[in-house]
Amino acid sequence: MILTLTRRALMGTALAFGLAGAAAAQDFPDRAITLVIPFAAGGSTDVVGRIVADRMSQELGQQIVVQNVGGAGGSLGAQQVAKADADGYTILMGTVATHALNPLILKQKPYDPVADFAPVSLLVLVPNVLAVNPALPVNTVQELIDLAKKEPLAYASSGNGTPLHLSGELFKTMAGVDITHIPYKGSGPALTDVLGNQVPVIFDNLPSASSHISSGKLKALGVTTAERAPSFPDVPAIAETLPGYETYSWNALFAPAGTPPEVVETLASAAKTAMADPAVVARMAEFSAEIVASGPEELAEHVKAEMTKWEPVVVEANVSLD
Amino acid sequence: MDLLSNLAMGFSVASSIANLGFCLIGVILGTLIGVLPGIGATATIAMLLPITFQLEPVSSLIMLAGIYYGAQYGGSTTAILINMPGESSSAVTAIDGYQMARKGRAGTALATAAIGSFFAGSVATFLVALFAPPLTAVALQFGAAEYFSLMVLGLVMSVALAHGSVLKALAMVVLGLLLGIVGTDIYTGTPRFTMGITQFADGLNFVAVAIGVFGFAEILRNLEDEHEREVMTRNINRLFPSRQEFREMAGPILRGTGIGSVLGILPGGGAILASFASYTMEKKLSKTPEEFGKGALAGVAGPESANNAGAQTSFIPLLTLGIPANPVMALMIGAMIIQGIVPGPSVVTDQPQLFWGIIASMWIGNLMLVVLNLPLIGLWVKLLTVPYYVLFPIIMAMSAIGVYSVNGNPYDLFAVAFFGLLGYIMSKLRFEPAPLLLGFVLGPLLEENLRRAMILSRGDPTTFVTRPISAGLLVVSLIVLVLVFLPQIRKQRDEVFTESEG
């Protein structure tokens, strides 16, 4: 009885909101929009978010205010948007962590990546890279695998349960080797220890490692995308040695579930225009990020595909967080 | 010479009217946010990031850097005047600076802090210019084992911070270590002591803890005894230090600059230790160690210099490796990337104007700060004459806003309230907050590096003594430990002897 009542009440509210939303959607946006970035300022997601927000503000004629809500691997920020009013004035810069890995890893689910969000646009794909300190006597992915079979090795990542950790775990499974995982608090300290040869191997985001690869302080063995990255055409894809290996980080815009479709469409088309801007294209190229700028349906498909892809890796690597 | 021409180029970039203007805006903003309790450089720089889009890369970085070291200057002002440290470095300044203020020497304490910071900042800037690349190579020698041993040294030194019972200081260090454990374990992902609250998954916020145990506890104590407070604000001595005081501060400033410069280079949390290490050293070297904790000039001069020197040299890993030493540096990297500059070893060669311009601007900025701050001291000190019933609600409101602005996390405010009460109880029982804070800061680093070193050595604990730097640091820790406990042991023995004689 209580259940029926609640459900009916909920439907009523949803209907009321829907109607109000439809009216408001006509002149969306008529005030500033908040873009929640679920990580600390200064990171790669933050940089992508700020560049896009700046250009989208011009497109929409309203300021997009960036708000960093870091913590719990992105879960706090995502949770905040999941619970926000479904009017399009609070949106999220989601990532592979918030919309595929965390929901698979966390035992307590603070939000549902599919049911709680209205997908807007998949903005960019960011390759990861497998790199080693130049002192390690290997030049190819195959040589690294051979070495790992002979002697114990360790690899650094930006933390437990991050896309980079799982890229490493997927690599271990597919190559049939055991390499000890050394988690750090973020990419910066992990890089420092690999540059200082405290740890020989690293899985990192290509943007954060790129300057060290160019300067020769790190030797890139392979990128994690299926194809080679346009910014580093000489670095092979890991898939050339291990067919089928593919991981990457991605950034996408999400609104709370129940946001009127017209509003979602307005946001998506503004994102598309922003990502086509030559200045933005140039920045993303420097950043080794591949522009997608998809529509809402493609993003919805993408989230489902990513969750299907990562589930066995998460199970295999036995990563779970409370 | 290459260096001279590079520096000349840097100064020509930094002394353009526009860049001088941005430098000035940066240091003024920095001083202001430093003075407002709790609002830190991180929050301010994050808020200003969008504005930097419109600026030249070098101008925006000069301004952001100015905010950062301006905040270091300003932060000591609140630590001295109202016992409200906004970051780990000024926590040490608060110990003796606030006691000086209570004795009516607030002006001297502030002037000492400003002069020490200026000297340290200038010297450290030259170090950055001269030795950035070779120093980076040294910093890279520090792996998990070395950081662990460094943190051990820091913890051993923390006991010397106490000016009362060593046992109570140890108890506070241990409590601090335990509080530092709160949050997600980075190796297993298990949440520890979070009481199921997701908002504590990343641990307790340092600013919240520091403002609670130092600032709010002090407010509670002052409210208990309004009378004492009024006495203190009435006697304010002259503002500028006397010749005698200048002589007293020279040694601590020089040593503090040395310690701060060295520790600031280490990206894994070395800078945090700088002011604590300097304080310990001054107390050990002092002819009157009993004055520490009761308003010793050296206890302000040394740590303030160390903290500012560390703030400058922590730019070294940023500029040469593109690796941030702290959250503010991470924001600077973000600012660079947004401007289309890829931070890393190539910045020096690809963007010499930017690199040398920033370095030159640091020196100019430090000069501006000292010129700005010395006359302002009179104004800050006058703040103390504001009736306390007006002042304390303002302080509490500003602190609350400041703490909230760090992460936008309401649970941080609960933490401030809790630690304010805890600090009050501690002060009633004569436990000191400084060792607790040091334990809180060092604990997580100690654990993280201990476990990482053990994983890397495959469970072999000899890694800490077979690696030369690590072994050296452990030997120094042992020496400090002996130095700390020897007087105690000797005293006890003397007491035993006296008793047996009697």
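This report describes a chain interface, a set of paired strands and a helix packing in a predicted model.

## Basis

Local features need pLDDT of at least 70 and side-chain atom pairs count only at pLDDT 80 or more, while totals for chains, interfaces and linings use all residues. Residues are numbered from 1 along each chain as its sequence is written, and chains are lettered from A in the order in which they are written.

## Where chains A and B meet

In chain A, 45 residues are in contact with 42 residues of chain B (C-beta atoms, placed from the backbone, within 7 Å). Among the elements of chain A that give two or more residues to this side are helix H2 (44-60), strand E2 (64-68) and helix H7 (187-195); helices (H or I, at least four residues) and strands (E, at least two) are DSSP runs, numbered from the N terminus. H7(A) gives the most, with six residues.

## Strands around E5 of chain A

Strand E5 (residues 153-157) of chain A runs parallel to E6(A), joined by five bridges; strands pair if DSSP finds at least two bridges between them. Two bridges join E5(A) to strand E7 (residues 201-205) of chain A, also in parallel. A:Tyr155 has A:His181 as its bridge partner in E6(A) and stands opposite A:Val201 in E7(A).

## Helix packing in chain B

Helices H1 (residues 2-14) and H17 (residues 352-383) of chain B pack at an angle of about 75°, with axes 7 Å apart. Axes are lines fitted to C-alpha atoms, for helices over the stretch in contact, and angles run from 0 to 180 degrees between N-to-C directions. H1(B) is therefore roughly perpendicular to H17(B) (65 to 115 degrees).

Definitions and conventions
Parallel < 35°, antiparallel > 145°, perpendicular 65-115°, else oblique. Contact = placed C-beta atoms within 7 Å.
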